[in-house]
Amino acid sequence: MNVREHLDDLLRRVRLLLGLFYLLLVVIASGFWFVQIAQGTYYRELAENNRLRKRPIRAPRGLIWDRNGRLLVENIPSYGLLVDRSRSADIAASLAFAATVLQRPTTELAATLERSRNQPAFKPVPLAGDLTLADVARFQVENLEHPEFEIAVRHLRLYRHGNQTAHALGYLGEVSEAELADGNQHFSAGDLVGRKGIEHTYDTQLRGTDGERVVVVDSRGKPLDERDQRPAQPGASLKVSIDLDLQQTAQRLIGDRVGVVLALEPKSGEILALVSSPSYNPNLFARRMGSRQWRDLIADPNHPLHNRAVQSGYSPGSVFKMVLATAGLTEHVIDESDRVFCRGADRLYNRRFRCWKSAGHGWVNLRGALKYSCDIYFYHLGQKLGIDRIADYARRFGLGRTTGVDLGGEKSGLVPDPNWSRRVRKQPWYPGETISVAIGQGPLVTTPIQIAAMVAGFANGGWLPTPHLVLDSGASPTKATIGPQAIGVDPKTLEVVREALWAVVNEVGGTGQNAFLPQVQIAGKTGTVQVVTQKTWTKNKDLPLELRDHAWFVSFAPADDPELVIVVFLEHGGAGSEAAAPVAKGLYEHYFRTRRFSEVALGG
Amino acid sequence: MARPHLRHFASVRWGLVGSALLLSLIGLATVHSATTELSVNVLPRQLLWIGVGLVVLLIAFSLDYHAVLDFSLILYGLGIASLVLVLFFGERVGGARSWIGIGSFGGQPAEFMKPAAALLLARYLATVERRYLSAIQVAAAGIIVVLPVLLVALQPDYGSAAMFLPILMATLLIAGVRWRTLAAFAPVVILLLTAVFFFGLHDYQRQRILTFASPGSDQLGAGYQVHQSKIAVGSGELLGRGYMQGTQSQLRFLPARHTDFVFAVLAEEWGFVGVLAVLGLYAFYFANGARVAMRARDRAGVLVVIGLLSLSGFHVLYNTAMVVGMLPITGIPLPFLSYGGSFTLVNFLATGLILGVDLRRHVNR
């Protein structure tokens, strides 16, 4: 029937369609013949000689200024030598020539070249970095003889104050494979990105956007003509809260000791000085660092790359007594006049707990206990409060969580409680531990930046600022910051504690007298953290360094209306009163001398 | 009904499977050469897609195409639904909201819509018992195709949208249509295209079409791609620059080297000889496919095969012509050679369905 006929019709049309397809394929194939055979030589020449090249225009990275407008980081040009192996008749001779000009061993250049073994021969690959202008001129003069060499300019980061500002500013490093694979960021191989500090946190703003230009280059790679250009957008410059003078003074005061000095404004949270010692020279990272230098940095037992201000956790020691005092008053467990008798040691929960002063302090009230840093008083207060209430107040003052400072790698520390003990440690909470925590020992862990924010909370009358380094950054930072948080304690209670802290420095017998300055009223609290439990009172000087106590001194001034909070922490520095307090004193001296001077100058 | 069985392996059209596999291998090698500069290795992924594609091929092969046609309305409906979904929840890939998925696994609904539309079209036109289609029947067939075209154009991905039209043209031609019936629709089509050019296109797309009319006017933007592609193809000359030795590909002058411009990489590195070899392989693949259509048992079989073949055939024609500068640039991949999951799967699916039609060609067995 006619269905079969129709099917035959269909088959005729299928043949027609296939024929049409063949015809079009032939048309396209002749298009390829035209481009590849008829015009092949022309296009081969275009590819070989007159190539259009897309050249990136590197966006200059933003500069960083201190709060007084002094330049901390700038960009300087650096010249690198590239070699195009396909243009070299004799690569050994080329290397020998380069070695003579640069006065570097041929073997070193050969080793660098070996790293690019897998790259196509016509692709210029790096041979040496850090050329002097004289070297650059020499290679340009010899361009006819040695067309295989190319000079590449890039900008290096110069940290003007080297290791003095290293932990605040950070450094740059080459982008990693993982970051290249991440589609959200537009990196290309060899890009530099912020690795630590401000350079890391504000990388997006500082980096800017690279531009691009299309240039016509001849067979020597020399640009002949520029076709089109998309300009680079320079990175934003940042102003940081660091006061360079104060920062340098802090660095000088801590010297080669291991520790942290932090100075910040209690009302704004702006960090004026951030020193973590030992430090490192970030300028070494800008150039390709030798493997030995890198090994030395990594192997250093004091970990110079570690930012102790935010990345290290320590027991707060007696500094924590400020929190305990506030908790005791607020919870009405004690009042200001309640007294405890200290005979140098006491039994609690069937264990002997010693005061740091073996002779004892006699009768002490809260003010005296803070002033003399009497342990016995706080053992009893701790017992009355119990661990849950202690932990609650520690958290109110921001301990146990990150402060939100705009530096990477911040640790949250630890506020221990029975719940934590069961969940993490898998063992019950021992009542004796409450007694240890009461004087800032035991499993309690804090970072210096947390302590600084906590002291700022006492100084400003009741709220925790977010410590930060960057002022008016315009765009939002890479890392979300946390706004100021209320502590939720009666300001009058904080006033009582502040008054006692004033006595610590300004009254006879106070543990912080080494910080006393006649021209400004300082309030503070010392802390001495035992690294090992001692059976007897051994003099710290007689102990090996790694067993000596850690020293804290936290403070603010002027005592009646605080402008500045200073936290000093010295790892194995000995007693807080002897080691840490004088560093703070020196820094206040500098701060108020320059402050008074500028006030006089301004006021006429 | 014939079901797959060992004895059927003798009657499998091996030419179709063989050329598809050979093209996929050439694709893998070319993609590898095109991606040496990339830090992520895309080869394992493409290999996985080919493996999954073979499984899809086997499944499609084992299904009776009549059953598939019965199911085609549902497939079509699902396709339309996913195209609507992607408009709202899709991820943007290169400006078009075309990608849907969870994490790094997902696909482009538009790619799967293409065979679904071809199948529904075949089903509808197979029921027509006349020598020539009426105007109403042509219009109905037109609506089946225009609906997904509009949805894909909204993403907006005009290149992909345009790829539906050859399916319509080819199946109408095969099903039988008078020229005057088609001519009646011409004013509508012309009006539509003009409107799209002036109101529907983005600036960069209009630029691409204008650039095609006068190349060299915009070296950094649209003109750059055409120019670089032509240099790549031309510099290959007769024998090519050698595998992994193409300066255009290896120095990253060429855009989308492993996807839409993979054929330019092949042309540069293997020359005119390589181009002819691959075009020959495609001719062999489609000759085998057409042979299946010509031996098919019924009208439905012919239309299924032609719909699917016209889909991939037009991709081949457009992509190769675009690479050599004969057509404006748009994001059209090359079957079996380009890197990409959804499109690879669709091509293996189509191959499997065609093989299935071939297996069931004898009427009373």
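1. The sheet in chain A. Five strands make an open sheet with antiparallel pairing, in the order 12-11-22-21-20 of chain A. Strand 12 and strand 20 (523–529) of chain A sit at the edges with a single partner strand each, so one side of each has no neighbour in the sheet. From one strand to the next, the twist averages 5°. Two strands are said to pair when DSSP finds at least two bridges between them. Strands (E, at least two residues) and helices (H or I, at least four residues) are DSSP runs, numbered from the N terminus.

2. What you are looking at. This is a predicted model, in which local features need pLDDT of at least 70 and side-chain atom pairs count only at pLDDT 80 or more, while totals for chains, interfaces and linings use all residues. Residues are numbered from 1 along each chain as its sequence is written, and chains are lettered from A and ligands numbered from 1 in the order in which they are written.

3. Strand 11 of chain A. Is this strand buried or exposed? Of the 6 residues in strand 11 (residues 259–264) of chain A, 6 are buried, so the strand is largely enclosed by the rest of the structure. Here buried means 20 or more other C-beta atoms within 10 Å of the residue's own, exposed means 12 or fewer, and partly exposed is in between, with C-beta atoms placed from the backbone. In a regular strand, side chains alternate between the two faces of the sheet. In strand 11 of chain A, A:Gly259, A:Val261 and A:Ala263 point one way and A:Val260, A:Leu262 and A:Leu264 the other, and all are buried.

4. Its two partners. Strand 11 of chain A pairs with strand 12 (residues 271–277) of chain A in the antiparallel sense, over 6 bridges, and A:Leu262 stands opposite A:Leu274 there. The hairpin of strand 11 and strand 12 of chain A has 6 residues between the strands, and A:Gly269 in it takes a positive phi near 80°. Strand 11 of chain A also runs antiparallel to strand 22 (residues 564–570) of chain A, joined by 6 bridges. In strand 22 of chain A, A:Phe569 is the bridge partner of A:Val260.

5. Two cis prolines. A cis peptide bond joins A:Ser277 and A:Pro278, with omega about 0°. A:Pro278 is in the loop between strand 12 and helix 11 (283–286) of chain A. A cis peptide bond also joins A:Ala557 and A:Pro558, with omega about -15°, and A:Pro558 lies in the loop between strand 21 (550–557) and strand 22 of chain A.

6. A helix pair in chain A. Helix 14 (residues 321–330) and helix 17 (residues 387–396) of chain A pack at about 115°, with their axes 9 Å apart. That makes helix 14 of chain A roughly perpendicular to helix 17 of chain A. Axes are lines fitted to C-alpha atoms, for helices over the stretch in contact, and angles run from 0 to 180 degrees between N-to-C directions. Under 35 degrees counts as roughly parallel, over 145 as roughly antiparallel, 65 to 115 as roughly perpendicular and the rest as oblique. A:Val323, A:Leu324, A:Thr326 and A:Ala327 in helix 14 of chain A meet A:Arg389, A:Ile390, A:Tyr393 and A:Ala394 in helix 17 of chain A; contact means C-beta atoms, placed from the backbone, within 7 Å.

7. Chain B overall. Chain B has 14 helices and 3 strands. Buried residues account for 48% of its 365 residues. Taking contacts in chain B between residues at least 6 apart in sequence, 73% join residues at least 24 apart.

8. A helix pair in chain B. How do helix 1 and helix 12 of chain B lie, roughly parallel or roughly antiparallel? The axes of helix 1 (residues 14–34) and helix 12 (residues 262–295) of chain B come within 9 Å and cross at roughly 165°, and the two helices are therefore roughly antiparallel to each other. Residues meeting here include B:Leu16, B:Leu23 and B:Ile26 from helix 1 of chain B, and B:Val265, B:Leu281 and B:Phe284 from helix 12 of chain B.

9. Two backbone spots to check by eye. A:His303 has a positive phi near 45° and is not a glycine; it lies in the loop between helix 12 (291–299) and helix 13 (308–311) of chain A. With 17 C-beta neighbours inside 10 Å, A:His303 counts as partly exposed. B:Phe336 has a positive phi of about 70°, although not a glycine, and its place is the loop between helix 13 (299–323) and helix 14 (341–359) of chain B. B:Phe336 is buried, with 29 other C-beta atoms within 10 Å.

Conventions
Contact = placed C-beta atoms within 7 Å.
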